There are 2 protein chains.
Amino acid sequence: MSKPLLAGIEAGGTKFVCAVGYSPVEILRETRFPTTTPEETMMRAYEFFSGCEKDLGPIASLGIGSFGPVDLDLSSDTFGNITSTPKILWADTDIVGFFTNRMNVPVGFDTDTNAAALGEGLYGAGRGCDTFLYLTIGTGIGGGVVVDNKALHGLVHPEVGHIRVAPRRDDPFPGTCPFHGSCLEGMAAGPAIEARWGRPGIELPEDHPAWDLEAWYLAQGLASMVLMLSPQRIIMGGGVMHQPQIFPAIRRYLKEFLNGYVDRPEITEEQEEYIVFPERENRAGITGALLLAEDAASVQ
Amino acid sequence: MSKPLLAGIEAGGTKFVCAVGYSPVEILRETRFPTTTPEETMMRAYEFFSGCEKDLGPIASLGIGSFGPVDLDLSSDTFGNITSTPKILWADTDIVGFFTNRMNVPVGFDTDTNAAALGEGLYGAGRGCDTFLYLTIGTGIGGGVVVDNKALHGLVHPEVGHIRVAPRRDDPFPGTCPFHGSCLEGMAAGPAIEARWGRPGIELPEDHPAWDLEAWYLAQGLASMVLMLSPQRIIMGGGVMHQPQIFPAIRRYLKEFLNGYVDRPEITEEQEEYIVFPERENRAGITGALLLAEDAASVQ
Ligand SMILES: Nc1ncnc2c1ncn2[C@@H]1O[C@H](COP(=O)(O)OP(=O)(O)O)[C@@H](O)[C@H]1O
Ligand SMILES: Nc1ncnc2c1ncn2[C@@H]1O[C@H](COP(=O)(O)OP(=O)(O)O)[C@@H](O)[C@H]1O
Ligand SMILES: [Zn+2]
Ligand SMILES: [Zn+2]
């Protein structure tokens with residue numbers, strides 16, 4: 001019996017990436033195109049997969065990592081939908097239904113960040129861990145929590161970027177989050193840096209005080225995440241993390257915040273292995289989508 | 001074939017509870033005695049189980065929920081030990097080894113709070129949930145995180161009581177935690193209430209401002225826990241939660257802190273089902289220990 005052919009979609013708000021392969025990291029064919037209307041965009045993905053089937057044989061299962069919010073509740077009538085998204089054309093789009101109806105294969109579905117967390121974790125910087133955290137610090141602060149090699153869902157799914165942080169004494173900035181003001185995202189995502197200092201992060205010199213403050217807030221968030229989730233590793237990507245000088249400061253502040261309470265060498269000594277930059281970066285999402293396909297096939 | 005006989009130990013810092021039964025909630029025989037020296041205490045537990053075996057037949061497996069810190073890392077040389085506990089006589093006690101050597105059955109092992117979380121969750125107030133949070137607000141703030149019906153471990157295990165909270169504007173109290181000062185435990189456990197108001201909580205009237213402030217801190221902690229773990233339910237027990245008036249205030253403040261960000265009826269409408277008092281309370285720990293025994297038997 002030949003290995004089943006997996007299909008994956010990284011459904012982003014600005015572009016779709018579609019791929020097929022015999023494993024999440026053996027991609028045979030891939031395409032990417034801009035996200036337009038739901039009908040047009042999904043049809044284009046479907047046609048890509050039909051073409052692949054003609055040349056490579058039948059697809060066994062599909063995995064989708066999607067922008068959201070999405071409904072992940074298997075018992076819900078709207079499971080598999082993109083729900084109340086600000087991308088208005090896509091509100092209430094049954095993305096799973098679209099592909100299930102046409103392709104007639106099992107479909108695995110999760111958020112884009114959960115897919116990226118799985119992809120990066122199991123095939124990139126998280127190798128060897130089964131319980132870890134994947135964060136992106138960019139336009140927002142998002143993340144995926146993986147426990148025992150599976151993305152944590154629970155009631156909905158974690159939104160680690162919105163935990164409250166205590167402001168640093170020397171920082172009067174009120175935060176940019178429309179929901180919480182000074183949550184982690186409100187104080188430390190890219191737009192917060194830009195609003196606080198009047199220039200986007202990429203224009204600030206490496207030794208600008210912005211970076212020490214940034215590391216302080218991120219480390220405060222990480223300390224709470226370590227205490228609540230006890231991850232074996234924390235992978236931090238996204239635009240803002242392209243400032244390599246903030247990694248050492250984050251590690252130092254994390255140790256300070258925990259203050260010996262979590263007495264493990266990963267935190268007190270070997271921090272370079274504990275807080276890491278992604279290895280797969282732009283490949284994480286599609287790798288994760290193919291992992292979701294693999295899971296969907298094995299559940300069937 | 002008859003059902004296997006399970007044995008459980010709730011190993012507390014002040015007392016041990018030992019029980020045997022054919023399921024975690026069908027206890028046939030139980031004993032409790034004070035925690036003295038390791039040798040004497042563990043021997044007493046062992047003799048109890050030997051007596052049960054004489055009357056009821058062979059024990060199939062044992063579960064231990066222990067005070068700590070404990071080493072849960074299966075790959076560690078000191079797995080199954082109580083490690084650097086302030087209860088000095090018990091430091092570096094190989095509690096799992098003691099029983100494995102004598103009873104020659106599979107032994108399941110976890111922290112006392114994780115055992116209680118499993119017991120309360122699966123057989124008490126958490127029934128129907130697979131991912132939930134169990135908290136005790138007493139001398140400290142401890143808890144167990146259960147994901148997919150299993151206690152979350154990761155690097156070590158969560159210590160949710162020590163996440164940082166932002167102080168309320170009208171509260172100058174510096175916090176009691178020796179590690180973090182104003183972490184959640186430092187601001188809201190029983191001793192913090194007593195230190196802030198000069199009297200233990202139990203002596204403060206029901207309408208004392210202490211309770212509103214208490215609810216505010218606990219809700220702030222819960223908001224972060226909801227965002228990080230996405231629990232399907234939160235069970236809150238321990239001495240301090242015997243103030244029933246604080247439940248409604250916690251629910252209201254939780255909604256305020258999240259401010260619509262997690263738009264689920266559990267949080268915005270049906271909060272009475274979301275934040276609940278334990279059902280089993282003092283039975284949770286031993287129930288959980290028997291659950292650990294059940295798991296150990298099925299893994300074997
Ligand atoms: N090299 C950089 N240094 C600091 N900030 C950056 C850098 N590159 C991008 N950013 C910031 O990161 C944000 C964009 O994040 P990014 O991860 O690239 O995209 P998105 O989060 O939208 O997917 C912007 O706020 C931008 O200012
Ligand atoms: N009814 C009550 N109301 C308020 N606080 C209480 C009450 N009962 C106990 N406490 C406080 O809870 C703490 C003891 O917690 P408890 O859960 O009983 O024990 P432990 O945490 O040591 O296992 C003490 O600080 C005590 O002041
Ligand atoms: Zn926010
Ligand atoms: Zn603390």
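Predicted model: local features only at pLDDT ≥ 70, side-chain atom pairs only at ≥ 80, totals over all residues.
**Entry 1: ligand 1**

I began at ligand 1 and found one of its oxygen atoms 2.6 Å from an N or O atom in the side chain of A:T139. I count a polar contact as a pair of N or O atoms within 3.5 Å; within protein, one must be able to donate a hydrogen and the other to accept it, and residues adjacent in sequence count only if both atoms are side-chain atoms. An oxygen atom of ligand 1 also lies 2.8 Å from a backbone N or O atom of A:G239. For a nitrogen atom of ligand 1, I noted a polar side-chain atom of A:Q243 at 2.8 Å. Taken alone, ligand 1 exposes 570 Å², and the protein buries 61% of that (Shrake-Rupley method, 1.4 Å probe).

Residues are numbered from 1 along each chain as its sequence is written, chains are lettered from A and ligands numbered from 1 in the order in which they are written, and side-chain values use heavy atoms, with hydrogens and water left out.

Which residues surround ligand 1? My list includes A:G138, A:P191, A:W211 and A:H242 (a heavy atom within 4 Å).

**Entry 2: strand β8 of chain A**

Next I looked up β8(A), residues 132-137 (strands are DSSP runs of E, at least two residues, numbered from the N terminus). Of its 6 residues, 5 are buried (under 20% relative accessible area, 1.4 Å probe, protein chains only).

What does β8(A) pair with, and in which sense? It runs antiparallel to β9(A), residues 141-147, with 6 bridges, and parallel to β11(A), residues 234-237, over 4 bridges (pairing takes at least two DSSP bridges). A hairpin through 3 residues joins β8(A) to β9(A). For bridge partners I wrote down A:I137 with A:I141 in β9(A), and A:T136 with A:G237 in β11(A).

**Entry 3: the zinc ion**

Last, I turned to ligand 4, a zinc ion coordinated by B:H162 (ND1), B:C177 (SG), B:H180 (ND1) and B:C183 (SG) at 2.1 to 2.3 Å (donors are N, O and S atoms within 2.8 Å of this metal). The donor residues are spaced H-x14-C-x2-H-x2-C in sequence. Angles of 101 to 121° among the 4 donor atoms make the site tetrahedral (all angles between 85 and 135 degrees). Ideal tetrahedral angles are 109.5 degrees. I also checked the cysteines: B:C177 is buried at 7% relative accessible area, and B:C183 is buried at 1%.

Methods: Donors = N, O, S within 2.8 Å, 3.2 Å for Na, K, Ca; no water. Tetrahedral: all angles 85-135°; square planar, octahedral: opposite > 155°, others 65-115°. Buried < 20%, exposed > 50% of the residue type's maximum accessible area, 1.4 Å probe, protein only.
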